[in-house]
Structures are given as C-alpha cells and as structure tokens.
Amino acid sequence: MTVYVARRVALAVGVVAGVIVLTFVIAHVVPGDPAATWAGPHPTAAQVAAARRYLGLDRPAIVQLLSYFGGILSGNWGVSIHTHRPVLSDLAAAAPASLELVTVAMLIALVVAVPLGLISARWPGRVGDHTIRAGSILGVSMPIFWMALILQLFFSQRLHVLPAAGEYSPGLLFSHPLTRLTGFGLIDAPLTGNWPMFGSILTHLVLPAVVIAAYPAGLLTRMIRAQVLDTVGDAHVQMVRALGFPERAVFARFAMKLAWNPVAAAIALVFGYSLVNTFLVEAIFDWPGLGSYATTAIANLDRPAILGVTLFIALVYVVVNLVVDIIQAAIDPRIRLR
Amino acid sequence: MIEAPSTLPAAGARLPRGETLRRGLAANPLLVAGGLMSALILVVALLAPLLAPFPADAGTATHPFLVLHPPSAQHWFGTDNVGRDIYSRVLYGARISPLIAVVVLVLACAIGVPLGVAAGYFGGWLDEAIMRVTDIFLAFPSLLLALALAEVLPPSLITLTIAIAVTWWPWYTRLIRGQAASVAGRPYIESCRALGIPRRRIIFRHILPNSITPLIVQVSLDVGGVILTASALSFLGLGAQEPTPDWGLMVSDGQNYFLTAWWVVTFPGIAILVTAFAFTLLGDGLRDLLDPKRIFLR
C-alpha cells in the first residue's frame, strides 16, 4: 500500500508540474499587453514601462517561468492586474463559495441519481427505464448557461419564489451580518447562530446548485444503472436473493454496494468538471465564487488571475482524483496491483 | 428461476432478412429517436436556405422597426435586438454546431489515434512519455483548457475549433492505447512479427481495425459534448462573433434583454439542448448496440 501511495503521489506531483508549465505557456502568448491594463486608462509610455518592470514582464520567458514556479511553491501566485491584490488571497476568498455551491450540487445530483438509477436497473427495458435514461441524457446535454437564465427568469422574475442573484439578501448585511470563520456561508451562519442568514444563503443557493447538478445527476444516473445491472447477475447477489431478501434490499443494499466504488471515482471527476461549470453559472447568479472571479479575469485580460484560477482548479482536480484513487486502493486491494 | 418460454427462434434458425435489425431497433427506442432527430437536424442544416423565411437575417441584415418583437405568425420565434428573425437564425445555426463537432472530432482523432497506437504498440519509454503528457492534458477539465486557449487567441470559430480539439485528443489517445496494447499482446500479432510482416502492415491491418469499435462509440457520444463546449465558449464571447448565427452567441446576446424579451434567449438554447440530446441519444444507443460492456466517463 505504501508503495502504491508513493507512486500515485509522485505521479500527481509530475502532473502538477506539467500543468504549471502548460498554463504558463498558454498564458504567455496573450496578444494584449497586461502592463498597459495594469497601468490604468491612458497611461504614458513611461508608466507602462514601469508597470512592465514591476510585474516582471520585461524578463526572458524562461526566467518568468522559473520565477512563476518558485512563486507558486512559496505561495506567491502573482498579483491580479484587475484587483491589484495577491491572486492567492483572491482565490482563497472566492474558493469557499464555489466549493460550497458544487458540493451542494453534488448532493442534489446524488439524491436524484441513486433512486433513479436503481429504479432504471430494477426494471430494464420498461417505459420507466427508457424515460429515466432519456432524462439522464437530457441532463448531460443541458447547456447550463441557458438553463441558468431560464430558471432565473421563471422562478425569480415570473413566480417571485426564489431570489435572482447574490449570496444572501442585502438587507441582512445590517440586521444579521455574517461573521466569516471558514468562508463557507452555510457553515459559518449556523456556527454563529445566524439562522436568518442561513435561510437566506440557502434560498440563494438553490437555483445555481440545481443548474450545476444537471450534468452530474445525468451522468451518475447512467453510471449507477449500468453498474447495478452489471452486478445484479453476480453469484453473491443471486445468493442474497436465494436467501429470501426482498428484491428491494437486493438492489438497494447489495447490488448498489458494489456500484459505489466506480461511482465514487465518477463523483471525483465530475466534481472538477462542475467547478469549471461555475464559470458559466456564477456570473449569471452573481454568486461570489471562482466562476465569477474567472469571468471577470477573462473580461479584463488579467493574466495572473486567469493562470491562478486555472491552476487552482487543475490542482483541486488532481488532488481529488489522488484521494479517490488511494481510498479505492484501500478498499479494494486488487487496484494496488494494477 | 424458471425460464419463460422463449418466443425467439431456436439458435441456428435464420431470421428473415432485416428481422435482426428490426428487433435490435425495437429494443432500442432511444437509439431510433436519437437517429431520427439527428437526421432531422442535418436535413435542417442542409436545407436552411430553403426553410428559413428570412435567409438574409442569418447575416448582417437589420430591421430597426422589428426590434424585439415577440413570437407571431410571421416570426415564429420572435425577433432579436436588431430585428432579425430568430427562427431563421436558429435554422442557420444548425449548420454551425454539427460542423464544429465534426471538425473537432476529426482533428482530435488525427492527433489522438496515432499517439495512442504508438504508445500501445511500442510500449516502453515511448508509451511512458506519451501517456505522461496525456495525463497532464487530462488533469484539466476540457472546458477549462479550451477557455484558457480560446482566451489567448483572437476569438473566432476557427480558434474555438482548434482550442477544443487540443483539449479533446488525450481521451482518444488513452482509449486507443488500451485497445492497441491488448491487441498487440495477442499471439497472432506475435506470429505476424515472426513471419516478418512489416510493422506498418501489422499496425494498419491488425492493430487499428481491432481497436476501432470503442473509438466509434466514444466519438459518437462526444458529438453532444463538443457542441455544448463550443456553445459555452461562444456564450462567454470566446467563439463565434456577430453576425454569425451561432446558438451560444445568440443566447449570450439575448441575456441583455431576457427580462423583457424571453424569446431571444429561449429558442437558441432549446436548439443547443435538442441537438446535444439527439446526438447523445444516438451515441448512447450505438454503444448499447456495439459495445454493451463498456462504461464511459467524461
């Protein structure tokens, strides 16, 4: 096991190094001049030159890459050209909101996908199965930026049942201000006994979370159906059936148990994917996370911020996958031998 | 368990011509639906100039007196912020998304398949080198890398196509590598080598044809994904530019008016959804038909 973990960690470190180089190479050929953006509107040539020197853009590319590498390792991810603040602290401020959003979305996806996948696998080929499969493909085919707009239009502009945008109602800013402890509003509010704030965050979170959940829900439903169908014919599941367990338990307890391992791997992958999907959704709902940060960075040609956010998500992706790999190997010893 | 009496003819009995296909399709209503919808979309794309009531509206035409009219008998999907007929533009949009998907997938296969075959067939350090580079690309969700790339290059449909293709090939490399490695290890390939058959012939006559089925399935499943990625990039302003009737761009434009003019956003979005849905249904059905054991993850 130690050997397996060491090998996986070494691989992950290699991948992260490659990712850093790749993001740098991509961002280094941006045609616009970030120094001019940094210097503000109508800068003089001297101001641009000073900005370029300050930002280190006057050095050879390889030196910039090496110093970028060194900076990343020592926690210096550069200074945002738009916010004029360190990228890492910007990211640290934005990340909790996105992680919160994606986590809630994954929970919604699981709550939908597990029962639907099981129903689909229990009666394959029936009308219900075809409907669920079509529905899951619909979820995977959803242009989520469009879904976000439509849900916002319908639920907040027409029905007025859910708030349109923001993290919480601005009125609460004065009556029940949120004390930031962890940065996760849904954790901080109950910790400080701030229930009106908790409720407000929750209602603001529903629409973006449902939109982000569309893709994982569809994907996981399909996977669970396939996995359960695959295991339900296995000898040990037949055995459980022969022992007289009700059909419901055969599916929900025994066949599903075996499906969890690949489903967990899928959740890890789709978590990273959903973090990127926040780029398309957060700006629409004005949710103050990585997606809103990234869209602003793109609009402002903010190279350090774009690099930072790309790198951050790639890192989350690598780490989540690594953790899932190790957990899976711990559960299932056969994986270590591959 | 007691077997229900089978209505199928005994093994060996020949089914009448077309019967196998008919039964296969009858068991797969989603495949049939996906196939019909995809075919319909392609027909619309081909016949757009004939079907569109206002073909000029797919281009630079503007009608200042028709701005943001709601859907009516004349303009089925309403008009946009410069008075163009949205129905005509949506029909013309069917020429863009599927074409982008085809070009992206051809490019991605052109890069991914040779690398996968090389890694799987030759193994050793070449395999290691190719797969480690592939791992790095796979560490990015494809939309993220495409975003980073599209952001660097001047926004256009060509840029967008290249950006997506660059992020899509590693999936095929990994898929083909696995297939090629398993085929390359079989005894008959060994005997081919022993017989002195040239390497090129082994690869083209044996390795590739035996690795191709999962690739076909994956490519057909990916059409919807590419269409969604392309529309997302266009939505963020990193793809098609005005006045291209691209669905993602149309949704993005309509965003500014959608509180008062819901139709500008709604119809192009439905077009994206229906197209991605149709091709994914088709791909999913094909997988069931060709390769029922595999489970794909994206």
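Over which residues of chain B does the pLDDT stay under 50? The stretch is residues 1-12 of chain B, where pLDDT is the predictor's confidence in each residue, from 0 to 100. This is a predicted model, in which local features need pLDDT of at least 70, side-chain atom pairs count only at pLDDT 80 or more, and totals for chains, interfaces and linings use all residues. Residues are numbered from 1 along each chain as its sequence is written, while chains are lettered from A and ligands numbered from 1 in the order in which they are written.

**Confidence**
- The complex receives an ipTM of 0.84 and a pTM of 0.85 from the predictor.
- Chain B has an average pLDDT of 83, and 90% of its residues score at least 70.
- For residues 1-12 of chain B, the model has one contact beyond four places in sequence (a contact means C-beta atoms, placed from the backbone, within 7 Å).

**Where the chains meet**
- In chain A, 42 residues are in contact with 39 residues of chain B.
- Among the elements of chain A that give two or more residues to this side are helix H1 (2-28) and helix H12 (247-285); helices here are DSSP runs (H or I, at least four residues), numbered from the N terminus.
- H1(A) gives the most to the side of chain A that touches chain B, namely eight residues.

**A look at Asn210(B)**
- You can find Asn210(B) in helix H9 (residues 199-235) of chain B.
- Gln179(B) is 31 residues from Asn210(B) along the chain, and their C-alpha atoms are separated by 7.8 Å.

Key: Contact = placed C-beta atoms within 7 Å.
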